[in-house]
Amino acid sequence: MARLLGQGSHEGELDELQRLDRTAAAVVAAGEDATVIREAAIWQVRFETLLERLDGAERTDAATELRALADRISARSRTGGGVLSGNVFHGPTAVQTGNGNRQDNRFDGGS
């Protein structure tokens, strides 16, 4: 992603890596849906602007790379190797991800 947004410039790529790190830190530190939504919107605009600046062939290549990245992230989320997203919980919630998780719930008062 940094390479794509840096558009072939080593310095630009480093700037993008730093921006990605700042975004990740902001999302982790805030832990709030509003921050995640705001950061997602910022990156969406950045990608749209990038695609608008590119010519036909470059735009097609960049769109292909972005789709492949989105597919990899989606696959990781489905297999428990990434961040869960698109879930809305109202009230107490427990979420487990990963392989080999086990949870036993008892509602009979016994242990």
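Reply: A residue is called buried when its relative accessible area is under 20%, exposed when that area is over 50%, and partly exposed in between, using a 1.4 Å probe and protein chains only. By that rule E39 is buried, because its relative accessible area is 9%. The model is predicted, so local features need pLDDT of at least 70 and side-chain atom pairs count only at pLDDT 80 or more, while totals for chains, interfaces and linings use all residues. Residues are numbered from 1 along each chain as its sequence is written, and side-chain values use heavy atoms, with hydrogens and water left out.

E39 lies in helix α3, which covers residues 33-53; helices here are DSSP runs of H or I with at least four residues, and strands are runs of E with at least two, numbered from the N terminus. Leaving aside neighbours within four places in sequence, E39 is in contact with T23, A26 and V27, where contact means heavy atoms within 4.5 Å.

E39 also takes part in a salt bridge, and its partner is R38, with the closest N and O atoms 2.9 Å apart. The term salt bridge stands for a side-chain nitrogen of Lys or Arg within 4 Å of a carboxyl oxygen of Asp or Glu. Side chains of opposite charge can pair when their charged atoms come close. Whereas E39 is buried at 9%, R38 counts as partly exposed, because its relative accessibility is 46%.

The structure holds four salt bridges, and another of them also involves helix α3, through R46. R46 forms a salt bridge with E16, and the closest N and O atoms of the two are 2.7 Å apart. This pair links distant parts of the chain, since R46 belongs to helix α3 and E16 to helix α2 (residues 10-30), 30 residues apart. R46 is partly exposed at 21% relative accessibility, while E16 is buried, with a relative accessible area of 7%.
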